[in-house]
Amino acid sequence: MDLVSSGSTNQSVESPTSGSSMTNNSTGSGSSTSTPTSSRYENQKRRDWNTFCQYLRNHRPPLSLALCSGSHVLEFLNYLDQFGKTKVHNHPCPFFGIPNPPAPCPCPLRQAWGSLDALIGRLRAAYEENGGRPETNPFGSRSVRIYLRDVRDFQAKSRGVSYEKKRKRPKPKVSATTSSAT
Ligand SMILES: [Zn+2]
């Protein structure tokens, strides 16, 4: 199913890992459970990785994976925004901060924060699975983390939604006025 491998020029990207991928330290942490990652996730990850590699190939000036930094990842995310389907209101829009706007507006469609966040997670894993070092992983770089946080904060405000991880319902101020003393 890979449409891109017609004449794949391996540009001297030789991974210098000499078979030391399986660290044999049995320190009793016993966490070597082969995680049953759904093949759907794996497929998505491979697709994302191919998309990113294709983006690198089409990059002007040419960009190799080894030279890829966090700022290139941000470039890539901005590039993806044109395919987004999430309405993100800008400041002058009257619907800024309104979850369900009653009318259309000319604000742009973007990638939703949740999609970007998940995408970066998959690419970060794929990068290391393809021989990249964790220390130089551009998907785990500080600039990318900060960018994602900013996107989350802005989209939360713009769309009037909350991305809080804890979905605890906040108690709406327990007013003790309803003590029906009979
Ligand atoms: Zn708008």
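Pro-61 is found in the loop that lies between helix 1 (39-58) and helix 2, where helices (H or I, at least four residues) and strands (E, at least two) are DSSP runs numbered from the N terminus. The peptide bond leading from Arg-60 into Pro-61 is cis, with omega near -5 degrees. As background, most peptide bonds are trans.

The structure is a predicted model, in which local features need pLDDT of at least 70, side-chain atom pairs count only at pLDDT 80 or more, and totals for chains, interfaces and linings use all residues. Residues are numbered from 1 along each chain as its sequence is written.

The chain has four helices and two strands, and from the N terminus on its elements run α-α-β-β-α-α. Of the 182 residues in the chain, 13% are buried; a residue is buried if 20 or more other C-beta atoms lie within 10 Å of its own, exposed if 12 or fewer, and partly exposed in between, with C-beta atoms placed from the backbone. Among the contacts in the chain with a separation of 6 or more, 68% come from residues 24 or more positions apart; two residues are in contact if their C-beta atoms, placed from the backbone, lie within 7 Å.

The largest nonpolar core has 13 residues, and those with the most contacts inside it are Leu-116, Ile-120, Leu-123 and Phe-139. A nonpolar core is here a set of buried Ala, Val, Leu, Ile, Met, Phe, Trp, Tyr and Cys residues joined through C-beta atoms within 7 Å. Helix 2 (70-80), helix 3 (113-129) and helix 4 (142-159) each supply at least two residues of this core, and helix 3 gives the most, with seven residues. Leaving aside neighbours within four places in sequence, Leu-123 is in contact with Asp-48, Trp-49, Phe-52 and Phe-139.

Helix 4 can be examined for its length and its faces. At 1.5 Å a residue, its 18 residues should span 26 Å, and its end C-alpha atoms are 25 Å apart, which agrees; the expected span is 1.5 Å times one less than the number of residues. The buried residues of helix 4 are Val-144, Val-151, Gln-155, Ser-158 and Arg-159. Seen down the axis of helix 4, these buried residues fall within an arc of 75 degrees, so they line one face of the helix; the arc is that of the directions from the helix axis to the C-beta atoms. In general, an α-helix has 3.6 residues a turn, so residues three or four places apart point the same way. What covers the buried residues of helix 4 includes helix 2 and helix 3.

The face of helix 4 turned away from its buried side carries the exposed residues Arg-142, Ile-146, Arg-149, Asp-150 and Asp-153. Asp-150 counts as exposed because it has 11 C-beta neighbours inside 10 Å. Asp-150 and Trp-113 are 37 residues apart in sequence, and their C-alpha atoms are 9.4 Å apart in space. Helix 4 is followed by Gly-160, whose phi is positive, near 65 degrees.

The pairing of helix 2 with helix 4 comes next. Their axes come within 8 Å and cross at roughly 35 degrees; axes are lines fitted to C-alpha atoms, for helices over the stretch in contact, and angles run from 0 to 180 degrees between N-to-C directions. Gly-70, Ser-71, Val-73 and Leu-74 in helix 2 meet Arg-142, Ser-143, Val-144 and Tyr-147 in helix 4. By class, this contact has four nonpolar, three polar and one charged residues, where Ala, Val, Leu, Ile, Met, Phe, Trp, Tyr, Cys and Pro count as nonpolar, Asp, Glu, Lys and Arg as charged, and the others, Gly among them, as polar. Leu-74 touches Ser-143, Val-144 and Tyr-147, not counting residues up to four places away in sequence. With 17 other C-beta atoms within 10 Å, Leu-74 is partly exposed.

Ile-98 is found in the loop between strand 1 (86-87) and strand 2 (109-110). Ile-98 is partly exposed, because 14 other C-beta atoms lie within 10 Å. The C-alpha atoms of Ile-98 and Arg-159 are separated by 5.8 Å, although these residues are 61 residues apart along the chain.
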